[in-house]
Amino acid sequence: MSSTQAPPAAAHVAHDDHHDHPAHLAHHFDDEEQQFDAGKLGIWLFLVTEILFFSGLFCAYSIWRHEHPEVFLYSHYYLSTFWGALNTCVLLISSLTAAWAVRTAQLGDNRKTALLLGLTILCAFGFLGIKSIEYGGKFAHGTGPGKFFNPHPEHMIVTAENYTVLVGHAGHMAEGRLAEMQAEHPEEFDALFHESREHVLEEALAAKAASMSTEKDPVTVADLSDAVRAEVEGAIDADHAAHGHGFEAHAAPEAHVPGAHGHEGDVHAADAHESSAEVEHSRIEKAMLHHESEVVLSEYEERPASVRTFFSIYFAMTGLHGIHVVAGIIAIGWVMRRAMRGEFNPGYFGAVDYVALYWHLVDLIWIYLFPLLYLIH
Amino acid sequence: MATTQTAGVEVHRPGVTPSKDNYLNHSKGLMSWLFTLDHKRIGVMYTIAVLAAFTLGGFFALAVRTELAAPNTGDGAWQMLPSGAVYNQMFSLHGAIMVFLFIIPSIPAALGNFVLPIMLGVKDVAFPRLNLFSFHLWILGAAFFLLALATGGLDTGWTFYTPYSLEGHSTSAVIAATTGAFVLGFSSIFTGLNFIVTLHKMRPTGMTWFRMPLFLWGLYATAVIQVLATPVLGITLLLLIVERAFKIGIFDPSLGGDPVLFQHFFWFYSHPAVYIMVLPGMAIVSELIGTFSRKHIFGYRFIAMSSVAIAIFGFFVWGHHMFTSGQSALASTVFSGLTFSVAIPSAIKVFNWVTTMWKGDIHLKTPMVYALGFILLFMIGGVTGLFLGTLSTDIHLHDTYFIVAHFHYVMVGGTLWAFLGGLHYWWPKISGKMYSEKVGVTASLIALLGFNLTFFPQFMLGSQGMPRRYFDYLPEFQAYHVWSTIGAYVLLIGLVMVAYNLVMSMIKGKQAPDNPWGSNTLEWKCSSPPPHHNFEHQPTVGDPYDIEGYVYEPSIDGYVRPDEAAVETAGRS
């Protein structure tokens, strides 16, 4: 208003000093340097407020990770490191083009500035696109934020690509617990072992029957003679006696593949060529371990409130960051338009500089979010 | 300098510059106000807006006090409000509106916007568009509060404590009110950011940091808090909204969240916000005391630095709101100790004000009466704060009327008194008109009486165990409640007189001189009201408190400086 309306007579004095003002210099600044410095301090202060704004979320993150480390470990396997890393690269490139645009604006090359800002916007849209793929996956698996957290069990346990790692982790815990049980409650451990042994024995007998069968003369387990039964049983027990419980010997549990309930199928296949006591024994332990792993995994499933907190924090942090990306696109679009109009020159390029600074901060926040959410080990 | 045209003859009257063009008549029409970039008009719009909010919040307070005039049962029982739920909404909206819509923006955004650039000797704040935007955000925030009122009423108290704010009866009211506070937070951040940049980058030649008037120091310290604390409130309220809407489980204990975390976040902002409320008030009083004691301010650097110290200390004491929230004993002890440290810079200010008045020529003009009222009320509010900062006594006094009385003494006795003092002080500059001193002083004293009558009995109530926020009470408390309610109406009378006085001044007040009080800060060196660009000649900057050269000139009812007038007349001819 002040600059557009012709001031009445008395105000002329005040205006007269500024007839030499270039058009891009606001009336209340003395010179270009003062205007640039004011804007620069302003944007830095604004960035400080932005950092403080995110600090609340980082603080909540720290508290929850401290209180529930296992939830974070468990949940982060459901985030895709690949997409996250790709997005990090996209943002880093966009920061480069933004910084480059500041330089070209400073040199007065408005065409190149507009081009580089356009590339920055393109990267920003790329980031949002990748993010929406990730978000879509989360909602499809029922791992949305808050009340949208309603995971389908098969997605939580079996079909996720990280199943192997996850079960490996559960196996580690199961192994520790079995060893603990063996030391502290030998009779319970023996009972569990016995139960597994019965199971293995049944499988071994079935395998034996199958191996004795011919097409004409099928042999069932019931047809096996007592002598054959005793032989199979003796092999298992001999192995048992030879190796003791020896659970600790098996340090690394084998990774279970998705659909681990097909375990028995594997037993048959293995039994076809080998039936050494060694294999029998390891099979018993594997069966026990599998049983225990499922217990551990099901315990994870029993903590939906905390797991949902992870996804809530994930969505809150990345969502707020995403809003900032959208704001960045608008701001960069605005300076790009101004560059296309040729408004910038060596004495006036502040707007590009400020917007680029903001964009670097958005980038930097992602640089923190990526390891904090995706790379938890 | 001063010329009036009377029948074609130029009459030179030193000390009066009735410039034909001033910021009020520079352009016309409602739009020229609503979309102005002129800091003075934005300041005036803020003043009107925050006073409207104050009126609304005041009515809620009167509803609460009227309800509490008698218990709901027994002899002489009385129940005005339809239910306890409505009562809860009354005090919640009273608190939220007063804090977020009135007190926080009152001095910085309303008076600060008007005065800061002129006092600094510049044409405007660094970012005039941002300044206008922050006013528009205020309007938007206020609209959200009205929406909360319309959608079932907020009943959480102004603090929005979880878990109640997550399960209280009206989701839309909680979300509307917290959205409003969130938006107002950004309004406050942008004002603070603007002031910091203006003070850092736009000080004219000669205006060194230690030549800045103390009001600007106070606004600077305030702005630092606004910029550093408010974003945390922003994210807290945002999380609360998301928690209420989507049940994300950050604050909600039934989902594994931590309600005490909300308290930490909330007070991390809201305790420093107490200093957003009182620092600008102290800064105004620092201007008033020197001017109306006709003496150079005593201990300029100590007053300036104590503002900064309060701003810094203010960030480390938030835990004293949570002594009974299950905070660890160690944390409570540390917070208690840090809380006492705030008393040091606060006391430095009071000592310097008193020393400035010592052997001064005290003129009991309306602004000075408010300044003295401020010192009295702030002393009571501050000292009772020590009772609450002490762990053992706080356990007894927590959530009683004692704390209600304490923070009203600080926020109303502090901020409102300073705001009214400042409003009367700068009124001649803002409106160009003089108000009636007689009515002004009388209104101030009536308000002071009413205020003390309202809140002093509440110290008694609280120490005897009357809890805050209760709809009903035992008959033994009634005498104090009756005094308190009577006091509230006396305060109302005082405030109505203030409004009457200021409105009447615009209708039939005398033309204000450039410098009605004999102060040496730069805003008194331009005409009343100021021209559109604040100064017709760039003023020379000197010691802002060098006021002894000013002489009272009865013909204009203002002050002139003979040496300066002579120089100017010489320069003119």
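**Reading the labels in a predicted model**

Q: What does Trp64(A) touch, not counting residues up to four places away in sequence?
A: In this predicted model, Trp64(A) touches Phe72(A), Thr309(A) and Ile313(A) in chain A. In chain B it touches Gly249(B), Ile250(B), Gly256(B), Gly257(B), Asp258(B) and Leu261(B). Each counts as a contact because heavy atoms lie within 4.5 Å.

Q: What makes the span of helix α2 in chain A close to the expected one?
A: Helix α2 covers residues 32–67, which is 36 residues. From first C-alpha to last, the helix reaches 52 Å. At 1.5 Å a residue, 52 Å is expected.

Q: Where does α2(A) bend, and by how much?
A: The bend is at Ser55(A), and it is about 30 degrees. That angle lies between axes fitted to the seven residues ending there and the seven starting there.

Q: What makes Asp31(A) a cap of α2(A)?
A: A side-chain oxygen of Asp31(A) lies 3.3 Å from the backbone nitrogen of Glu33(A). A polar contact needs N or O atoms within 3.5 Å. The distance passes, and Asp31(A) caps the N-terminal end of the helix.

Q: What makes Phe268(B) and Trp318(B) an edge-to-face pair?
A: Over all chains, the count comes to 63 aromatic pairs. In this one, the ring centres are 5.4 Å apart and the planes make 75 degrees. Pairing needs centres within 6.5 Å, and edge-to-face needs planes over 60 degrees. Both tests are passed, and the pair is edge-to-face. Phe268(B) is in helix α8 of chain B, while Trp318(B) is in the loop between α9 and α10, 50 residues apart.

Q: Why do Phe268(B) and Trp318(B) get the accessibility labels they have?
A: Phe268(B) has a relative accessible area of 23%. Trp318(B) has 19%. The limit for buried is under 20%, and exposed starts over 50%. So Phe268(B) is partly exposed, and Trp318(B) is buried.

Q: What makes Arg41(B) a charge over a ring?
A: Arg41(B) lies over the face of Trp33(B), 4.3 Å from the ring centre. The distance must be within 6 Å, and the charge within 35 degrees of the ring normal.

Q: What joins Thr162(B) and Pro163(B)?
A: A cis peptide bond, with omega about 0 degrees. Pro163(B) also lies in the loop between α4 and α5 of chain B.

Notes: Residues numbered from 1 in each chain as written. Chains lettered and ligands numbered in written order. Predicted model: local features only at pLDDT ≥ 70, side-chain atom pairs only at ≥ 80, totals over all residues. Heavy atoms only, no water. Helix = DSSP H or I, 4+ residues; strand = E, 2+ residues; numbered from the N terminus. Expected span 1.5 Å × (residues − 1). Polar contact = N/O pair within 3.5 Å; in protein donor to acceptor, adjacent residues only side chain to side chain. Phe/Tyr/Trp six-rings, centres within 6.5 Å; stacked < 30°, edge-to-face > 60°. Buried < 20%, exposed > 50% of the residue type's maximum accessible area, 1.4 Å probe, protein only.
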